[in-house]
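Here are a few notes to read alongside the model. Have the sequence and the 3D view open as you go.

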Amino acid sequence: MDCSAIQFKYANQFSAEDLDQLVRLFQAAAFWAKDRTREDMETAIAHSYPVVTAWDGATLIGFARATSDGVFRATIWDVVISPDYQGGGLGRRLVETLVAHPRMSRVERVYLMTTHQQGFYKRIGFEENASTTMVLYNSAEIEMLPSLNHPAEAPAEITVG
């Protein structure tokens, strides 16, 4: 397959059609993200930086995003390439483009989670690190503190204990 016309772009805004293409891409290539909605992806993208896309003309064929403090830690999320384009090095280029972004290039540690692609990420330079992964599943049983984004909605004092 000739991938010389594929364009990689940093993206910070997605049109409704771009988001629809992204949802279709997840449905086709990401078992872990088949049920994501356009609205949820719009929110995730708004809170991610950088975001990298890969295009074959007007068709979205790749996507990856990250969150980072720009110095100490970053996490890569949602690396996906269309099944029709897999195996040609585009996934590697997508991740390398993401990590080369100024917000990511100086970060001390870059984390990611993967279910089945450890070999792919090892070839890029990632190492397994079983000692640091923990997860908190939000549920009704856990009482979360109120958001601090809107001071008018939060109580003046919060008592914990």
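**Notes on the fold**

1. D78 is a residue of strand β4 (strands are DSSP runs of E with at least two residues, helices are runs of H or I with at least four, and both are numbered from the N terminus). Its phi is near 60 degrees, a positive value in a residue that is not glycine. D78 counts as buried because its relative accessibility is 8% (buried means under 20% relative accessible area, exposed over 50%, and partly exposed in between, with a 1.4 Å probe and protein chains only).

2. Before going further, a word on the source: this is a predicted model, where local features need pLDDT of at least 70, side-chain atom pairs count only at pLDDT 80 or more, and totals for chains, interfaces and linings use all residues. Residues are numbered from 1 along each chain as its sequence is written, and side-chain values use heavy atoms, with hydrogens and water left out.

3. In what order do the strands of the open sheet run? The five strands go β1-β2-β3-β4-β5, with mixed pairing (two strands pair if DSSP finds at least two bridges between them). At the edges sit β1 (7–10) and β5 (109–112), each pairing on one side only. From one strand to the next, the twist averages 25 degrees.

4. Now the pairings. β1 and β2 are antiparallel over four bridges, and F8 has A54 in β2 as its bridge partner. β2 and β3 also run antiparallel, joined by six bridges, with V51 opposite R65 in β3. These two strands make a hairpin with two residues between them, and G57 in the turn has a positive phi of about 65 degrees. β4 and β5, by contrast, run parallel with four bridges, and R73 stands opposite R109 in β5.

5. Helix α1 (residues 16–29) has 14 residues, which should span 20 Å at 1.5 Å a residue; its end C-alpha atoms are 20 Å apart, so the two agree (the expected span is 1.5 Å times one less than the number of residues). Its buried residues are D18, L19, Q21, L22, V23, L25 and F26. They pack against α2, β2, β3 (59–68) and β4 (73–81).

6. α3 lies across β1, β2, β3 and β4, at about 150 degrees to β4 (axes are lines fitted to C-alpha atoms, for helices over the stretch in contact, and angles run from 0 to 180 degrees between N-to-C directions). Leaving aside neighbours within four places in sequence, L94 is in contact with residues including F8, V52, F63 and V80 (contact means heavy atoms within 4.5 Å).

7. The largest nonpolar core has 23 residues, and I6, L90, L94 and V95 have the most contacts inside it (such a core is a set of buried Ala, Val, Leu, Ile, Met, Phe, Trp, Tyr and Cys residues joined through side-chain atoms within 4.5 Å). β2, β3, β4, α3 (90–100) and α5 (118–124) each supply at least two of its residues. A second, separate core of 16 residues includes F14, L25, A33 and W55.

8. Finally, look at the loop between α2 (38–46) and β2 (51–56), where S48 is found. Is S48 buried or exposed? S48 is buried, because its relative accessible area is 7%. A polar contact of 2.6 Å joins its side chain to that of R65 (a pair of N or O atoms within 3.5 Å; within protein, one must be able to donate a hydrogen and the other to accept it, and residues adjacent in sequence count only if both atoms are side-chain atoms). P50 lies in this loop too, and the peptide bond from Y49 to P50 is cis, with omega near 5 degrees.
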